[in-house]
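This report covers a set of local features, with headings by topic. The sequence and structure come first.

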Amino acid sequence: MNTLTSNIHAMLITFYRPTEKRFKILIEQKAFPSDHYAVSSHLHSRGIDPKKGLLTIAPRQGEHTLRTQDIIDLINRDDEIAVVMLSGVQYYTGQFFEIEKITKAGKEAGCIVGWDLAHAVGNVPLQLHDWNVDFACWCSYKYLNSGAGGIAGLFIHEKYNDDQDRPRLAGWWGNQKENRFEMRPEFQPSEGASGYQLSNPSIFTTISLLGSLDIFEKAGGIQALRQTSFKLTGYLEKLLLKELEQEFSQDLIRILTPNDPQQRGCQLSLEFPNKMMEVFDNLHTRGVIVDDRKPTVIRVAPAPLYNTFRDCFDFVHHLKAAMKDVYAK
């Protein structure tokens with residue numbers, strides 16, 4: 001249903017119910033910009049100053065990724081938090097958060113816990129029901145390969161299956177299928193997440209996603225792909241450490257993503273404190289397709305569905321040559 005950010009808005013309408021005591025929303029300090037925009041707009045709409053209501057958490061001084069215990073400690077320390085809404089996989093660093101542990105801590109502290117899974121779905125295994133996640137939203141145009149602007153997805157925990165007391169954005173497509181075409185003015189929501197659909201989804205976006213999901217099934221599903229991902233990303237990391245960090249100092253390149261395979265997906269975020277865009281442009285002239293995340297990061301993602309060990313080897317070869325070109329100038 002819908003798109004990622006519109007789904008986040010729909011979930012905040014329903015699950016963000018600020019009180020005088022609990023009114024803050026917790027996100028990462030470097031969450032994807034649209035998450036900042038969405039959360040700030042909901043604070044504004046409830047008459048809450050984002051400077052007071054938007055709570056962010058950053059890595060410790062000198063570190064690049066967040067420690068799970070630091071997140072949990074903040075949740076336990078600040079009893080004004082109403083909603084915890086972090087990323088499943090952090091878009092900038094590639095860190096795969098410990099969703100189960102953080103959700104458990106949030107629920108025990110009395111918070112609603114939701115997740116932006118844009119970079120997690122199709123990348124890492126997810127057990128949202130078992131982890132007791134309240135809600136989750138994701139797009140499908142990254143690792144689910146549906147194409148830019150592809151249809152997004154929504155999860156709501158089963159415990160809210162028949163919950164009609166919470167406010168929601170309602171639309172015709174969320175009405176019960178049994179009486180949808182009776183055209184009644186009274187809204188009768190379908191059970192669970194289906195009751196939050198708004199409009200008839202695009203045939204083109206649903207079919208393109210179906211084509212991708214069929215390939216996932218033929219490949220053995222996310223668990224099988226995850227095992228391949230461990231090997232591919234581990235191989236890429238080993239090559240980078242051997243070929244680059246021995247030849248170039250950390251002042252020129254470092255890996256931000258955790259080296260623990262359980263705390264990352266297939267993405268490695270390479271930081272170039274200087275001349276990142278020059279390295280990026282040089283790679284493109286060599287036919288190497290990666291993406292930049294300003295100010296200093298190039299993201300490299302050997303997706304197990306279609307990348308190979310040879311791709312990893314060739315990438316490091318070209319990166320080494322690109323860096324020699326750039327830093328020799």
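## Gln227

Gln227 counts as partly exposed because its relative accessibility is 45%; buried means under 20% relative accessible area, exposed over 50%, and partly exposed in between (1.4 Å probe, protein chains only). Gln227 belongs to helix H7, residues 221-243. Helices (H or I, at least four residues) and strands (E, at least two) are DSSP runs, numbered from the N terminus. Between Gln227 and Pro304 the C-alpha to C-alpha distance is 8.8 Å, with 77 residues separating them in sequence.

## Basis of the values

This is a predicted model: local features need pLDDT of at least 70 and side-chain atom pairs count only at pLDDT 80 or more, while totals for chains, interfaces and linings use all residues. Residues are numbered from 1 along each chain as its sequence is written, and side-chain values use heavy atoms, with hydrogens and water left out.

## Helix H2

Helix H2 spans residues 33-45, which is 13 residues, and reaches 18 Å from its first C-alpha to its last. This is close to the expected 18 Å at 1.5 Å a residue, where the expected span is 1.5 Å times one less than the number of residues. Just after H2, Gly47 has a positive phi of about 75°.

The buried residues of H2 are Ser34, Asp35, His36, Ala38, Val39, Ser40, His42 and Leu43. They pack against helices H1 (4-15) and H3 (50-53), and against strands S1 (24-28), S2 (54-57), S3 (81-87) and S4 (112-116); contact means heavy atoms within 4.5 Å.

## H1 against H2

The axes of H1 and H2 come within 10 Å and cross at roughly 30°. Axes are lines fitted to C-alpha atoms, for helices over the stretch in contact, and angles run from 0 to 180 degrees between N-to-C directions. H1 and H2 are therefore roughly parallel to each other (angles under 35 degrees count as roughly parallel, over 145 as roughly antiparallel, 65 to 115 as roughly perpendicular and the rest as oblique).

The crossing of H1 past H2 is right-handed, the near helix being turned clockwise from the far one by less than a right angle. On the H1 side, the contact is made by Thr5, Ile8, His9, Leu12 and Ile13. On the H2 side, it involves Ser34, Asp35, Ala38, Val39, Ser41 and His42.

## Cysteines

The whole structure has zero disulfides, a disulfide being a pair of cysteine sulfur atoms within 2.5 Å. For Cys111, the closest cysteine sulfur is that of Cys137, at 17 Å, too far for a bond. Cys139 is in no disulfide either, its nearest cysteine sulfur being that of Cys137, 11 Å away. Cys111 is buried at 3% relative accessible area, and Cys139 counts as buried at 2% relative accessibility.
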